[in-house]
Amino acid sequence: MAGITSKTIHDIFQSMEYGPSSSSTATAQAWLESHSRALGLFIDGKFVRSADRQTCNVTDSSGGPVCSTVCAVDEDASLSVSSGASGFKAWSALPCHLRAKTLLRLVSSLQRHGQCLSELCDLAQSPSSPSALVRLLQYYSGWAQLRDSLIPDWTPRGVVVVVVSDDCSLYSLMLKVLPALAMGNAVVAIPGVGTAPPVLLLAQLFVEAGLPAGVLNVVTGSVLSLGSKVAQNPHVSYVTYSGNKKDGEILCRATAGMGVPVSLSLSLGATCPFIIFESADIDSAVDGVIETAFKKNRECQWMLCVQESVWDSVVARLKVRMAGMKSVPLLAEGDRRLVDAAVQEAQQQGATLIQPCPPSSSGAAYPPTVLCGVAPSCTCVVTPSPGPLLPLLSFRSHGEGVTLGNHSPHGQAASIWTEDLTLALEAAKSLSVGAVWVNSHSVMDPSLPISGHKESGNCIDGGKEGLFQFLRPSSSPPLPRSSPASVDYSKFGTAASAAIIPEGSNSSSTPRSYLQYVGGKQCKSESGSSVCVLAPGGGTVLAHCPDGGRKDVRNAVEAAIKVQPGWMKKSPVARAQSLFSLAETLELKRRDMAVSLHSQTGLSLEKADMEVELSIAQLCDWAARCDKEKGGVPVRIYVFLAVCVQHLLTHPQRSGVVGVVLPDSSPLLSMVSLLAAAVAMGNAVIMVPSPKYPLPALEFIQVLQSSDLPGGVVSIITGGRDQLTQALANHSVIKAIWYWGSMEGCQFLQHTCASPLKSLWLHCQEKDGGRDWAQPHASLQEEMWRQAVQWKSVWIPTA
Amino acid sequence: MSARNPGMPLDLAWVSKVRVNTQAVLKRAQQIQGRNKNKKQWQAAWLLRAVTCIDLTTLAGDDTPGNVHRLCMKATQPVRYDLLKSMDMQDKGVTTAAVCVYPSRVADAVKSLKAANSSLPVASVATGFPAGQTSLKTRLEEVRMAVEDGAMEIDIVINRTLALTGQWEGSDFIKTSTGKESVNATYPVAIVMVRAIRDYFLKTGHKVGFKPAGGIRTAKESLVWLTLMKEELGDEWLSPRLFRLGASSLLADIERQIYHHVTGRYAAYHQMPMA
């Protein structure tokens with residue numbers, strides 16, 4: 001410090017350097033002192049601190065001590081949830097406007113203590129802007145007010161656990177906590193090391209401002225073990241996580257089989273393309289790069305893609321703007337070695353460097369560095385190293401730019417730069433990421449739903465869409481809680497089907513042999529073997545159906561990826577027409593279908609006919625939705641064009657290929673409902689009929705064949721539920737699995753689909769009576785629709 | 001003054017390829033305004049640097065040798081000697097960059113400065129200032145006369161008819177406006193202009209200077225302008241060779257801020273010597 005303060009005015013007058021940023025931390029220090037620098041857990045509206053707990057030290061950027069936090073044990077975990085359960089009772093019983101009023105009081109409390117919060121965040125090395133949090137809180141207090149009028153028939157889940165990894169920001173944490181509170185849930189927050197002090201402060205402020213005790217509890221400690229410790233409490237209804245991929249997967253596996261849904265937002269560390277087209281305002285684009293690419297704490301790893309025709313221009317400006325930039329501190333001691341190795345390797349592969357100064361020979365800081373001309377296959381692109389490194393790649397045409405941006409396992413966000421409107425919108429549409437910032441970057445607005453595509457998550461945060469993870473349709477029961485069974489995940493679904501050789505078979509009628517439906521063709525299973533389908537009541541063999549397995553799933557996926565992009569690009573009107581024609585064909589075959597239902601399930605012919613009728617109605621219903629709101633049309637464009645300063649286009653996009661393991665109940669109606677929802681939104685589906693009642697689905701193949709749905713959009717594979725579930729789970733192309741089956745199956749899927757990540761919609765047939773398919777309640781239809789779409793936000797700053 | 005810009009053949013293809021994204025520039029302007037949080041000696045040093053970049057200006061219809069003389073004296077001693085001395089800056093040549101007057105007052109200014117033994121340059125607005133709507137012949141004659149009277153720098157109002165129809169002229173310095181418009185120097189416009197300077201530098205290697213003028217009245221604004229130059233073009237554009245602030249009342253505010261830095265008290269305007 002002496003070196004800095006001794007600088008004379010004349011020195012500075014000559015050098016024209018910036019002064020040190022003044023950072024008073026007096027307010028935060030005073031708050032910490034009032035807690036003797038030892039922060040307890042925040043449970044039931046007060047700080048709790050048992051003397052015998054281990055503690056964890058929070059340090060500032062120079063390694064100095066800030067305070068200590070408690071490492072919670074099992075007892076604390078269960079205390080926090082039971083307090084949450086009683087908090088939930090009080091909080092959810094309030095009318096919407098009272099909840100909103102409470103949240104608005106929190107806004108003013110937050111504004112009053114913004115300075116303290118901001119200082120505390122800086123001290124704990126978890127920088128955050130109080131004004132952004134205020135805006136977030138205002139936004140969601142609005143939703144608290146409007147819940148019952150705009151989202152009727154949905155109900156809060158109960159006690160929600162919000163877990164974040166150590167490197168996650170306070171904003172990302174609150175992006176989950178606040179909507180959960182606004183919808184009437186109680187929250188148990190498990191912050192990382194750096195976010196713990198500010199969250200504890202917030203919890204205290206909130207309770208002082210009138211949030212009932214127990215509605216927001218904060219437990220600190222080792223995030224990974226604590227997450228599953230808290231989740232195993234039967235009062236917990238939902239677990240949501242934000243942070244890095246590794247910890248997310250561990251949490252997912254640890255909670256598999258508890259019967260609690262888990263969603264992951266894996267935004268941290270995702271590779272995001274920053275694409276500069278030749279029609280861009282190059283100076284502003286480079287400005288964006290400088291602002292975001294070399295920060296010490298960055299949410300994502302940018303990959304700069306520049307069109308060849310403006311390559312020189314971009315490189316020249318990068319050189320000018322980077323000159324004089326200072327070295328960036330690395331986050332960990334060991335990072336320097338990784339950075340050196342990455343730079344060396346890039347250079348060996350022909351990359352040239354842009355650096356403001358050569359790196360010091362050692363030490364935990366590195367100058368901002370652009371690796372010019374690396375190839376997409378270079379390690380520094382595939383697995384980015386820590387530190388202020390930015391790979392710079394070139395592309396020739398617009399199409400190649402988008403392909404380059406898409407060729408990544410991540411799908412978090414992209415920044416694209418062009419003054420060409422059509423190009424901007426087309427590129428935004430083609431990039432498979434959750435958020436596209438046009439001529440801007442890193443915009444976080446509460447109204448902007450952020451949902452990672454591909455491996456960047458299966459959860460939507462922010463905006464109205466971000467509310468639904470904290471709600472369930474009032475008429476559908478939550479997943480029943482259970483304790484994880486000991487499942488041998490490597491053996492699940494590998495047992496051969498039990499061959500039933502019927503005794504004393506009735507020779508009066510030979511059972512019919514059905515074929516399954518893959519890629520628009522009827523076929524046997526790859527293995528060639530089949531299984532028996534028994535008549536209701538057991539005993540007689542009604543039919544034989546193929547015993548499908550991995551290879552059949554593989555064939556179905558191959559067929560699906562050939563046609564799904566074309567199906568998705570079809571106009572909503574064309575998709576509607578296909579579904580209407582499917583309904584008409586079903587109408588023509590209604591008698592056959594009714595008979596099949598009757599003989600399979602023992603349902604009276606009259607009731608069977610009713611089920612066919614309802615199935616036709618479902619097809620027509622989803623056909624009608626195709627070109628309407630909540631169909632394929634991004635209606636929100638118009639709303640935002642009129643009122644919003646920033647143009648936010650929110651598109652429901654299609655998931656891709658969906659695997660559906662069908663329920664036993666209402667075998668025709670349930671299948672048709674799910675098929676219609678998925679296909680109407682542009683997905684391809686691979687359906688596994690109930691092994692108990694597969695015949696209506698197999699009979700339905702006739703209907704599919706005579707419709708004009710492209711072959712491959714729907715495949716139907718019969719066989720063992722576990723075998724086929726295992727096959728679906730182990731195919732990376734399948735993006736979502738809708739599952740009706742055993743508790744064990746749910747557990748297997750939760751465990752296995754953590755990596756590669758899939759969206760799961762799980763139902764345990766053994767425990768819940770299952771939904772009443774004959775009464776398609778509006779919220780159930782909406783739930784189905786939300787499962788069938790993926791969101792993309794396009795942010796275009798305009799005046 | 002930097003080495004003269006020799007110019008280049010007019011390349012309209014280059015000009016027409018330039019893209020500017022308004023929102024990105026506005027955001028950048030916001031960011032620059034929040035960037036400089038200098039305190040204490042950093043703030044004082046930056047303010048003194050701002051002083052050295054000022055073209056201390058009087059452009060009034062009632063300018064006389066008397067008030068031009070006062071202006072020149074203020075330009076040679078822009079900050080109270082005792083204040084400079086307490087910062088140990090009294091012998092570091094802290095003067096404004098130039099004085100700027102109408103052509104008919106150039107001779108008065110040159111005379112006053114010479115009498116005070118100062119080598120400060122005199123700048124003159126010329127060519128039908130501020131509208132520029134006079135014939136080329138009289139415009140050229142005005143420049144010649146100002147130079148004959150001893151003006152070292154000429155602020156030319158370009159013929160905006162030509163500019164608006166795409167027939168540009170070249171220069172050593174570019175200026176945001178005459179200072180007499182309803183909207184003068186704004187940060188977003190300046191960002192676009194300095195980026196043009198950068199563009200030209202990258203293409204030709206010649207450094208063109210920049211002069212915002214009009215409405216710059218507070219010390220804080222002068223710091224934002226310096227920050228803008230530093231951020232966009234680098235430290236080289238922080239000297240009077242490549243950067244000028246066209247202003248008349250700015251200096252008084254800067255001097256008060258420096259007074260505050262030195263004494264810890266806020267000054268009244270009358271405590272600062274008048275220009």
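Reader: Which strands of chain B does helix 4 lie across?
Author: In this predicted model, helix 4 of chain B, made of residues 65-76, lies across strand 1 (54-57) and strand 2 (98-101) of that chain, and its direction is at about 160° to strand 2 of chain B.

Reader: And what about helix 6 of chain B, which strands does that one lie across?
Author: Helix 6 of chain B, residues 106-115, lies across strand 2 and strand 3 of chain B, where it runs at about 175° to strand 3.

Reader: OK, and in what order do the strands of the sheet come, and is the pairing parallel or antiparallel?
Author: The sheet in chain B is an open one of 5 strands, placed in the order 4-3-2-1-7, and the pairing is parallel. Its edges are strand 4 (153-156) and strand 7 (245-247) of chain B, each of which pairs on one side only. On average, neighbouring strands of this sheet are turned by 30° against each other, with direction ignored.

Reader: How many bridges join strand 3 to strand 4 in chain B?
Author: Strand 3 of chain B, residues 122-126, is joined to strand 4 of chain B by 4 bridges, and the two run parallel. Within strand 4 of chain B, the residue that stands opposite S124(B) is I154(B).

Reader: Switching to packing: which residues have the most contacts inside the largest nonpolar core?
Author: That core has 71 residues, and those with the most contacts inside it are L48(B), F210(B), W225(B), L228(B), M229(B) and I254(B). A second, separate core has 67 residues, including A28(A), V199(A), L211(A) and L268(A).

Reader: What is F210(B) in contact with, leaving aside its neighbours within four places in sequence?
Author: With those neighbours left aside, the contacts of F210(B) include F173(B), I174(B), M193(B), V194(B) and I197(B), and also W225(B), M229(B), L242(B) and R244(B).

Reader: Now the interface, how many residues does the contact take from each chain?
Author: The contact takes 35 residues from chain B and 32 residues from chain A. About 3200 Å² is buried between the two chains, and carbon and sulfur atoms give 58% of that area.

Reader: How many salt bridges are there between chain B and chain A?
Author: The count between these chains is 6 salt bridges. In a salt bridge between side chains, R28(B) meets D287(A) at 3.0 Å, N to O.

Reader: D287(A) is in helix 12 of chain A, so which residues of that helix are buried?
Author: D287(A) is itself among the buried ones, together with others including I282(A), V286(A), G288(A), V289(A) and I290(A). Helix 12 of chain A, residues 282-292, is largely enclosed by the rest of the structure, because 10 of its 11 residues are buried.

Notes: Residues are numbered from 1 along each chain as its sequence is written. Chains are lettered from A and ligands numbered from 1 in the order in which they are written. This is a predicted model: local features need pLDDT of at least 70, side-chain atom pairs count only at pLDDT 80 or more; totals for chains, interfaces and linings use all residues. Side-chain values use heavy atoms; hydrogens and water are left out. Two strands pair if DSSP finds at least two bridges between them. Axes are lines fitted to C-alpha atoms, for helices over the stretch in contact, and angles run from 0 to 180 degrees between N-to-C directions. Contact means heavy atoms within 4.5 Å. A nonpolar core is a set of buried Ala, Val, Leu, Ile, Met, Phe, Trp, Tyr and Cys residues joined through side-chain atoms within 4.5 Å. Buried means under 20% relative accessible area, exposed over 50%, partly exposed in between (1.4 Å probe, protein chains only). Buried area is the accessible area (1.4 Å probe) that two parts lose on being put together, summed over both. A salt bridge is a side-chain nitrogen of Lys or Arg within 4 Å of a carboxyl oxygen of Asp or Glu.
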